[in-house]
Amino acid sequence: MTDHSGAGPTLVWFRDDLRLRDNPALTWAASRGPVVGVFILESPEATLARPLGAAAAWFQREAIRGLHDELAAHNVPLLLATGDPREVIPSLAAQLAGAVTWSRRYHQPFIDLDAHVKTVLANQGTEAKSHSGYLLSEPWVIRTGQGTPYRKFTPFARNVEDFATGDIAENPPLDIPAGLHGPRDLELDYPVWELPSLAAEPAWTKKLQSHWEAGEGGALNTLQQFVATLSGENLPASSAEVRLGYSDGRDYPAVAVTSRLSPYLRCGAVSPRTVWATISEAAERGEIAESEAGAFRRQIIWRDFAWHRLYHVPTLATCNVQAKFDRFPWGWNEARDSAEFDAWKRGITGVPLVDAGMRELWETGSMHNRVRMVVGSLLTKNLLIHWRLGEEWFWDTLVDADYACNPFNWQWVAGCGDDAAPYFRIFNPVTQAQKFDKEGIYQQTWVPEAQTSGGSYPPKPIVDIKQSRAEALAVYESLGQDPRK
């Protein structure tokens with residue numbers, strides 16, 4: 001190992017990796033000597049990047065607080081700066097006289113921004129090293145037999161399953177770096193924000209505090225609770241006392257068997273490799289069924305797939321992947337201020353399952369995945385409102401909204417993504433409720449007034465489900481497309 005004892009502290013630039021465990025950048029820094037951390041509230045005006053939505057920003061800020069405390073236990077300072085990282089990082093590096101390291105980002109404009117920072121650091125004689133840490137597999141590693149990116153999930157999933165299984169077996173998730181410590185004295189001539197300044201956030205996000213335990217500790221607790229659920233230790237029962245495991249129960253919004261890990265993965269409070277290894281090891285020990293472990297690992301792979309697609313399709317959040325949908329007459333400007341869109345956002349469409357999902361979202365910053373598909377289908381295929389308006393609302397209100405999964409999943413449900421649900425697959429919210437919330441437990445939880453007569457709940461849906469489905473398919477056919485293809 002190279003002796004870096006004469007060098008200054010290594011600066012770890014934290015972004016979407018707000019954790020100590022399985023953090024290759026932090027481990028590399030600790031192997032060199034003293035460590036200093038920094039998190040930059042990157043100015044959208046400087047970076048030209050899409051700012052985080054309010055709910056995801058709240059969750060991230062809570063995770064930063066947790067990271068601050070975890071690092072402080074090892075006497076490692078976490079600086080909180082604001083502005084343009086192309087100025088902040090070189091300035092800090094010049095004062096520390098050490099190296100700089102970070103976990104990679106996989107989307108524009110951050111790819112170019114990070115490359116620019118690395119070039120500036122090299123020109124001033126500072127070593128800079130980037131690491132993997134946000135995905136199971138790097139987007140340039142997983143390729144088809146022809147050397148092209150995958151556009152279909154099933155073959156992609158097989159490839160990543162094999163890759164991740166072998167990679168994690170050979171390189172298990174890292175523990176907290178041995179000997180992690182900060183410098184004895186740290187004097188910096190650079191303005192930084194104090195931690196309390198991160199409390200400035202919309203008032204409505206404060207209610208999220210009662211639904212989430214943010215930070216790495218919360219992530220690990222949530223992961224262990226999920227393992228217990230998969231093992232049957234705390235498996236919930238429906239009102240009919242039918243015990244459903246993850247693979248069967250995850251489609252039922254009233255059955256609490258989903259992992260709730262997505263916001264922790266989003267901010268990097270836990271790594272996907274740690275989640276994968278934990279679930280797989282529990283299956284190997286016989287604590288959970290392999291079928292249950294495999295069903296969940298597939299969801300982790302779906303997350304990777306979304307990020308791979310964003311890496312190769314940087315316009316994922318703004319452009320239809322399938323260009324033929326550019327001619328589809330989705331409502332845009334007029335829809336943004338329409339009564340229908342407002343009713344959808346507020347959960348007063350008169351469709352109980354849809355309204356339950358939208359109210360759950362506003363209250364908790366999350367929504368059951370099955371219901372996400374249903375509310376997205378109603379917006380884009382029954383109301384004919386552009387998926388981008390729905391994506392923007394989710395972007396602001398979901399604690400797990402990220403740059404890849406949010407637009408990717410919206411394009412999937414709208415039918416315009418590369419491996420999308422066919423456009424003619426329209427989720428009927430009535431039949432979905434009958435199948436997956438037959439006793440109405442989920443709907444009653446979030447829309448109790450729908451069960452009483454004479455109340456304030458809309459007496460009928462804002463759209464005729466059957467008629468609007470026929471009209472949507474007619475529009476699609478009028479564009480010269482066969483809805484069966």
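**Close-ups of a helix pair and a sheet**

**View 1. Helices α10 and α11 are roughly antiparallel to each other, because their angle is over 145 degrees.** This is a predicted model: local features need pLDDT of at least 70, side-chain atom pairs count only at pLDDT 80 or more, and totals for chains, interfaces and linings use all residues. Residues are numbered from 1 along each chain as its sequence is written, and side-chain values use heavy atoms, leaving out hydrogens and water. The axes of α10 (residues 272–284) and α11 (residues 290–312) cross at roughly 170° and come within 9 Å. Axes here are lines fitted to C-alpha atoms, for helices over the stretch in contact, with angles from 0 to 180 degrees between N-to-C directions. Helices (H or I, at least four residues) and strands (E, at least two) are DSSP runs, numbered from the N terminus.

**View 2. Here's where α10 meets α11 (contact means heavy atoms within 4.5 Å).** On the α10 side you'll find residues including Trp276 and Ile279, and on the α11 side, among others, Phe296 and Arg297.

**View 3. Five strands line up as an open sheet in the order β3-β2-β1-β4-β5, with parallel pairing.** Two strands pair if DSSP finds at least two bridges between them. At the edges sit β3 (78–83) and β5 (128–131), each pairing on one side only. From one strand to the next, the twist averages 25°.

**View 4. Zoom in on β1 (residues 10–14) and β2 (residues 35–42), parallel strands joined by 5 bridges.** Look for Phe14, which stands opposite Phe39 in β2.

**View 5. Helix α5 (residues 110–123) lies across β1, β2, β4 and β5.** It runs at about 165° to β4.

Definitions and conventions: Angles under 35 degrees count as roughly parallel, over 145 as roughly antiparallel, 65 to 115 as roughly perpendicular and the rest as oblique.
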